Amino acid sequence: MALSWRVLLALTLFAAGTHYWPIKSAQSMQTAEAATPWGADYFPNTPLVTQDGKPVRFFDDLIKDKVVAINFIFTGCSDSCPVETARLRQVQKILGDRVGKDIFLYSISIDPYNDTPATLKRYAEKFGIGPGWTLLTGEPEDIEQLRRRLGLYIEGLENGRSKDHNLSLIIGNQATGRWMKASPFESPYILADRLGNSLHNWKQASAMANDYASAPEIRPPSSGEQIFRTRCSSCHTVGNTEPGQPGIGPDLLGVTQQRDPSWLVRWLKEPDQMLAEQEPLATLLFEQYNRLAMPNMRLGDTEISALITYLQEETTRIQAPLADRGKP
């Protein structure tokens with residue numbers, strides 16, 4: 001009997017120790033987070049102004065204790081910035097109402113002379129930017145200092161209205177000190193996963209009950225599909241699966257049948273030149289899609305050929321089952 005009591009006492013003490021272990025771990029984690037070097041002593045408290053004209057401070061108001069994504073743009077950019085913005089819009093759509101609650105997006109202008117709050121507000125409206133994503137401007141020297149501190153300043157370039165500015169995003173969790181750079185051509189699903197899960201230490205339970213039986217077939221992407229995914233899918237779809245949610249640009253299902261081949265090749269190669277010439281169809285598309293210019297993606301002849309082939313094949317793949325339904 002005495003032995004039984006000793007065993008029971010040992011088990012009780014073990015259970016008690018096990019019960020309190022997570023509390024000690026959480027305290028240790030809080031201590032580690034408080035010791036992060038990426039705090040107010042590192043980040044400048046740069047004064048900025050939002051698209052609504054509200055003055056804010058970079059550290060105190062925008063990033064302190066938050067999970068954030070930060071990039072630098074200018075609204076007059078007809079090259080990379082629209083692609084960056086469209087891709088981040090996809091990320092916002094994937095994350096849903098978490099943006100503005102536990103995830104925050106910031107786009108800061110590198111052309112503050114022209115990008116006034118009113119200009120930024122119009123830009124946000126064109127792209128359908130929702131709550132939780134703030135566009136900001138400020139003094140040129142303050143923004144340059146901020147870019148340098150974030151590692152997004154390229155020495156030796158004209159760092160005003162330059163299409164060659166650093167395109168990377170900075171994403172991170174200021175409270176834990178975890179920061180990383182991300183490519184603007186990153187899959188929006190991967191970027192959303194990093195912001196929504198890994199930077200939150202996987203605290204958010206998945207809303208989807210996934211299983212292997214319902215997983216879609218995985219097809220190895222062609223070179224044309226890879227180009228579409230990284231360069232085009234931010235603004236375009238091929239067979240829009242959400243009719244009530246139009247894209248930034250037109251759906252491209254059947255585009256190779258609808259457009260003259262030579263026109264399509266030139267449009268993919270130099271859309272900026274065609275718009276400058278006020279080519280009729282290019283101008284019509286510009287007006288039809290909220291006056292957002294098609295950016296010049298610097299595609300070569302081989303890339304254009306691969307992309308057109310993919311659009312043809314994808315149209316056939318999607319339309320074939322529809323044609324079969326009409327057969328007796």
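Cys-77 is buried, with a relative accessible area of 8%. Buried here means under 20% relative accessible area, exposed over 50% and partly exposed in between, with a 1.4 Å probe and protein chains only. Cys-77 lies in the loop between strand E3 (67-73) and helix H3 (81-95). Helices (H or I, at least four residues) and strands (E, at least two) are DSSP runs, numbered from the N terminus.

The model is predicted: local features need pLDDT of at least 70, side-chain atom pairs count only at pLDDT 80 or more, and totals for chains, interfaces and linings use all residues. Residues are numbered from 1 along each chain as its sequence is written, and side-chain values use heavy atoms, with hydrogens and water left out.

**Cysteines**

An unreviewed UniProt entry places the feature "binding site" at Cys-77 and Cys-81. UniProt positions are given in the numbering used here, feature names are shortened, and annotations may be inferred rather than shown by experiment. Cys-81 sits in helix H3. Leaving aside neighbours within four places in sequence, Cys-81 is in contact with Ile-73, Phe-74, Tyr-123 and His-165. Contact means heavy atoms within 4.5 Å.

A disulfide is a covalent bond between the sulfur atoms of two cysteines. The criterion here is a pair of cysteine sulfur atoms within 2.5 Å. The count comes to zero disulfides. Cys-81 is in none; its nearest cysteine sulfur, that of Cys-77, is 3.2 Å away. The sulfur of Cys-232 is too far for a bond, because the closest cysteine sulfur, in Cys-235, is 8.7 Å away.

**Buried residues**

| Residue | Relative accessibility |
|---|---|
| Cys-77 | 8%, buried |
| Cys-81 | 0%, buried |
| Cys-232 | 11%, buried |
| Thr-315 | 1%, buried |

Thr-315 belongs to helix H12 (residues 301-325). Not counting residues up to four places away in sequence, Thr-315 touches Leu-252, Leu-253, Gly-254 and Gln-257.

Side chains alternate along strand E1 (residues 47-50). Leu-48 and Thr-50 point to one face and are buried.

Two strands pair if DSSP finds at least two bridges between them. E1 pairs with strand E2 (residues 55-57) in the antiparallel sense, over three bridges. Leu-48 stands opposite Val-56 in E2. The two strands E1 and E2 form a hairpin with four residues between them. In the turn, Gly-53 has a positive phi of about 80°. E1 also pairs with strand E5 (residues 133-137), in the antiparallel sense over two bridges. Here Val-49 stands opposite Thr-137.
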